[in-house]
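Please keep the view open beside the text.

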Amino acid sequence: MGVLTAEEIIREGVQLAGVTYDPTDERPFKWLKDWLRSVTLGWPWIECEGQLLVPLLGATRVITLGGTASYATGRYIHRVLFPLLLDYGSGFEPGKVNQQAIGDMNVALTARVPTGTPDKAGYVRDYGVPGRVSILFNKLAKTNYDIQVMYQWDPAAEYVFASINTTVPWYPNDNTMKQAVAHKAAYYNDGPDAATTGTIGSDLATMLRDDKLKFGVIDQFTTHVNRQWKPR
């Protein structure tokens, strides 16, 4: 998380594009909010990950969280991160619940679902309640379990314009957020083909790449990048 409020980021970002700042213009707030949501979806940022312990009651197979649910209430959840961990409550190592596509699960015919210890699960978004997801397990729980769930959520979805100006957005680099606002300001004032718009956009892409190396989670197997310092 940076240190500047959203209002400060918006004002300095607009001015960075050479545009006069207008505190009554609500568009820059939307630009910032849309950009924050976009980068949330595009990378596993540590600031946007959450975890919690949720009970899975015996003879049930569904856990609901996010939105209006009882767990992670009010959070807008993008995705559930697998594997889930299943705590047997008896001193053993937690079991893993791996992901299975909802289409491969017996969703409709619950009566035919076997009872046992779940080892697979899928999840689906509740499109009637933004941010709420339901995790569906492949077995009816034979007893009560505690399930450790990790998820990725969208802090930008929770901002409202009345409070955004005094809020410090979740993103870890203020300068990159200002650059994102500047890019949109240049786009709408100078046009998408203007040299200024192109330069600011190119610099924004470089800054975002650098932020992923500095602040994001690095998957060494796919990116071949190791952030750990090693003496020669």
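This is a predicted model: local features need pLDDT of at least 70, side-chain atom pairs count only at pLDDT 80 or more; totals for chains, interfaces and linings use all residues.

The protein chain has 232 residues, and 40% of them count as buried. Its secondary structure comprises six helices and nine strands. Among contacts with a separation of 6 or more, 70% link residues 24 or more positions apart. The accessible surface amounts to about 12,800 Å², with 53% belonging to carbon and sulfur atoms.

Now to the helix pair. Two packed helices are described by the angle between their axes and the distance between the axes.

| Helix | Packs with | Angle | Axis distance |
|---|---|---|---|
| Helix 1 (residues 6-16) | Helix 4 (residues 174-190) | about 55° | 7 Å |

With that angle, helix 1 is oblique to helix 4, and the crossing is right-handed. On the helix 1 side, the residues in contact are Ile-9, Ile-10, Glu-12, Gly-13, Val-14 and Leu-16. Helix 4 meets them with Asp-174, Met-177, Lys-178, Gln-179, Val-181, Ala-182 and Ala-185. Taken by type, the residues of this contact are eight nonpolar, two polar and three charged.

Finally, have a look at Gly-198, which lies in helix 5 (residues 195-215). Its relative accessibility is 43%, so Gly-198 counts as partly exposed. Ala-186 is twelve residues away from Gly-198 along the chain, and their C-alpha atoms are separated by 9.0 Å.

Note on methods:
Residues are numbered from 1 along each chain as its sequence is written. Side-chain values use heavy atoms; hydrogens and water are left out. Helices (H or I, at least four residues) and strands (E, at least two) are DSSP runs, numbered from the N terminus. Buried means under 20% relative accessible area, exposed over 50%, partly exposed in between (1.4 Å probe, protein chains only). Contact means heavy atoms within 4.5 Å. Accessible areas come from the Shrake-Rupley method with a 1.4 Å probe; for residues, only the protein chains shown count as cover. Axes are lines fitted to C-alpha atoms, for helices over the stretch in contact, and angles run from 0 to 180 degrees between N-to-C directions. Angles under 35 degrees count as roughly parallel, over 145 as roughly antiparallel, 65 to 115 as roughly perpendicular and the rest as oblique. A crossing is left-handed if the near helix is turned anticlockwise from the far one by less than a right angle, and right-handed if clockwise. Ala, Val, Leu, Ile, Met, Phe, Trp, Tyr, Cys and Pro count as nonpolar, Asp, Glu, Lys and Arg as charged, and the others, Gly among them, as polar.
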